[in-house]
Protein chains: 2
Amino acid sequence: MGKEIDLKNCIIAQSGGPTVAINASLAGVLLANAENKYFDTIYGSINGITGIFNSKLLNLTKLQETVPDFIEKLKVTPAMYLGSCRYKLPAAGTDEETYTKIFDFFKEYDIDTFFYIGGNDSMDTVMKLSDYASKIESDVKIIGIPKTIDNDLCGTDHTPGFGSAAKYIAASVAEIARDTYIYPVKSVTIVEIMGRDAGWLTAASALSRNEFSKAPHLIYLPERAFDSDKFIEDVKRLLETNNSVVVAVSEGIRDKDGNYISASSSSADNFGHNQLSGAGKALEYMVADRIGVKVRSVEVNILQRCASHLASLTDLDESVSQGKKAHSLSIENKSGVMVTLKRTSDAPYTVETSYMDIHDSANNVRNVPDSWINAEGNDVTDEMLTYLKPLIIGEPKVTYKDGLPHYLNVDHLLP
Amino acid sequence: MGKEIDLKNCIIAQSGGPTVAINASLAGVLLANAENKYFDTIYGSINGITGIFNSKLLNLTKLQETVPDFIEKLKVTPAMYLGSCRYKLPAAGTDEETYTKIFDFFKEYDIDTFFYIGGNDSMDTVMKLSDYASKIESDVKIIGIPKTIDNDLCGTDHTPGFGSAAKYIAASVAEIARDTYIYPVKSVTIVEIMGRDAGWLTAASALSRNEFSKAPHLIYLPERAFDSDKFIEDVKRLLETNNSVVVAVSEGIRDKDGNYISASSSSADNFGHNQLSGAGKALEYMVADRIGVKVRSVEVNILQRCASHLASLTDLDESVSQGKKAHSLSIENKSGVMVTLKRTSDAPYTVETSYMDIHDSANNVRNVPDSWINAEGNDVTDEMLTYLKPLIIGEPKVTYKDGLPHYLNVDHLLP
């Protein structure tokens with residue numbers, strides 16, 4: 001029995017580092033298709049594009065139809081439901097075989113469109129695959145859906161996952177500040193936040209300020225050279241009028257010569273390591289040495305990208321919209337594009353989905369504009385706050401079971 | 001105009017490290033008094049007992065009557081609303097003046113009862129003050145209300161604050177596990193959890209296991225000597241059948257000679273420090289050196305004691321009950337006592353409030369029973385899970401404003 005010739009399927013994969021919203025984009029594609037059945041079957045590729053190489057697939061259409069509340073739960077489930085990979089597609093000229101394998105797979109599974117949800121590396125893959133499709137005159141459409149907590153993709157107002165991470169950072173810095181305010185002693189608390197090259201997420205700590213708390217009192221982004229002497233002066237000045245000084249610092253701050261600020265050990269430790277601690281630890285030691293007050297550093301670590309219990313509803317809703325937009329771009333026969341968000345107004349906050357040529361976004365990093373950092377380089381401006389505020393609004397309904405957030409199980413990712 | 005002679009007031013203070021539930025106990029005392037007006041005025045002492053020395057007080061009765069939703073907001077506000085102190089009362093024989101000052105204050109403010117909400121040090125203060133009251137035949141009653149995320153107070157089933165911290169740990173370890181499952185590569189993730197001497201909170205990580213995830217695959221408590229060779233064997237064995245191995249470890253683990261397991265630098269770093277990193281880092285280095293897989297350590301840090309957005313409703317409700325019980329103990333003319341919780345059934349879970357002589361609790365540490373740790377010393381038993389499960393149940397209603405949890409302001413704690 002031969003294959004039916006009029007089947008039209010698609011495949012979706014997720015890649016890069018986890019975010020809280022990356023499954024909401026996946027849910028968006030599924031929701032759109034449930035409305036118009038443009039695709040017969042939506043496949044999920046397990047572990048990014050590598051699932052295509054070894055045919056590790058999920059039938060998402062079937063899951064959507066059979067698992068109770070699948071879409072609702074998918075929308076709030078953190079980290080990639082389909083798993084991820086760290087895989088950079090080789091240039092087409094250098095490794096034809098890989099491309100042949102992918103497009104053979106597309107043919108075998110009647111794939112009409114490949115959707116890739118991810119950050120810069122994934123958009124690079126979208127670009128290479130769509131270029132290759134043009135070259136071999138394949139009709140398969142390749143469409144990118146952005147995500148990254150770093151918010152550093154070009155051509156879009158902000159990226160899915162960023163709003164939720166920003167909300168987690170703002171809420172956590174506010175709670176950390178409360179923790180520091182209880183003792184009437186001079187203290188400095190350094191909070192180290194993710195973002196190696198772009199300071200968006202560290203900037204979001206400014207949202208934690210409220211009617212009584214000015215924490216974080218200082219904010220240092222990687223976009224400005226970090227000056228240790230100026231930092232110590234800033235802290236000393238603030239300690240004159242505050243008991244507790246809270247500092248938000250990006251993991252990626254560098255001095256004027258471009259060297260990362262880190263607390264490196266001058267010789268190996270007793271395990272034989274040349275220890276390299278991060279920016280937070282480095283600033284902690286500077287304060288201990290040069291000011292001598294009580295000081296602590298907190299590395300927020302991976303919870304900032306996987307804490308769905310504190311997601312932004314705005315972020316999740318917009319991620320769903322971008323998944324839906326990707327689906328409609330396929331119907332409109334677009335390929336080699338990335339879904340984008342255009343902000344149409346700050347107050348009231350309104351956005352609309354759009355798209356751009358993938359060549360204009362891939363492999364470029366969007367930094368915080370210099371004019372959104374204050375002159376002293378130790379805070380962000382009101383423009384930044386106006387930009388950030390709407391992105392953390394709203395709380396999704398998270399279901400709790402036995403006292404814990406209950407998300408979709410991912411046993412298909414486990415060996 | 002002279003003072004009325006029939007005024008009956010009380011004063012409450014909070015001390016030690018923050019918890020999410022310590023203000024719920026304060027709310028309990030206020031709620032009980034709103035019902036029967038036993039006290040004319042309830043004062044709050046700012047920064048623990050030190051507020052008594054320098055007359056830094058809040059009129060809590062007035063706040064309760066004038067601030068909209070004061071009690072409701074107080075119940076979910078993290079960290080001490082009244083601030084804290086790290087102050088150990090000197091022995092009465094060595095420093096009569098301090099005691100005189102305190103009891104003079106009690107007389108001046110018509111104090112009938114002093115309630116102290118705190119951990120071991122605060123209960124030591126309750127003991128010393130009640131002993132002194134007996135000695136000088138003062139009628140002032142001294143009553144302790146426990147709190148500590150460490151759950152290490154003797155004579156009570158569990159302490160206010162522990163259930164919420166346990167919930168935060170369980171939810172966070174589950175989210176960290178999801179973060180590790182997305183890559184199909186061998187990896188080890190070490191999560192370092194608070195608890196220098198008692199392993200209760202680290203044990204709570206076991207609650208994060210569910211129908212598909214066995215994380216944390218290994219749990220090490222300070223109650224058992226830590227054997228590095230055995231640890232490496234455990235991890236190697238698990239890596240044979242799992243891609244991701246998640247390890248929960250108490251910050252206080254020690255080897256068989258009682259030395260803390262830490263990654264200390266053999267010489268000073270370039271800031272002149274002899275770096276001492278915690279147990280998590282130490283285990284990370286062991287895995288890197290002796291197994292050589294991808295490894296990361298996460299120090300959960302202070303968020304485990306101040307993240308009210310993930311509080312346990314059971315914990316908050318029980319804390320309110322214990323505040324109310326303290327109030328009723330005062331009416332019953334008890335002094336030198338600490339409120340306790342007695343568990344009357346595991347399934348269905350039921351508890352009742354009670355009290356104990358402060359001499360039987362103060363300055364003793366309650367460790368995890370040896371029989372609740374498995375024979376291999378790398379996990380907890382079902383008895384532990386039965387004990388822990390009810391403590392994290394339920395979610396309080398947290399109000400959000402501008403996308404962030406909205407709690408009572410604490411501008412009275414700021415200079």
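**Cysteines and the chain interface**

Start at Cys306(B): its sulfur sits 17 Å from the closest cysteine sulfur, in Cys306(A), too far for a bond, since a disulfide needs a pair of cysteine sulfur atoms within 2.5 Å. Cys306(B) is also buried, at 0% relative accessibility (buried is under 20% relative accessible area, exposed over 50%, partly exposed in between, with a 1.4 Å probe and protein chains only). Cys85(B) is buried too, at 5%, and its sulfur lies 18 Å from the closest cysteine sulfur, in Cys10(B), again too far for a bond. Over all chains, the disulfide count comes to zero.

A word on ground rules: this is a predicted model, where local features need pLDDT of at least 70 and side-chain atom pairs count only at pLDDT 80 or more, while totals for chains, interfaces and linings use all residues. Residues are numbered from 1 along each chain as its sequence is written, chains are lettered from A in the order in which they are written, and side-chain values use heavy atoms, leaving out hydrogens and water.

Now the interface. Here 80 residues of chain A are in contact with 81 of chain B (heavy atoms within 4.5 Å). About 6600 Å² is buried between the two chains, 59% of it from carbon and sulfur atoms; that area is the accessible area (1.4 Å probe) lost on putting the two parts together, summed over both. Two salt bridges cross the interface (a side-chain nitrogen of Lys or Arg within 4 Å of a carboxyl oxygen of Asp or Glu). Arg305(B) and Asp179(A) form a salt bridge, at 2.7 Å from N to O.
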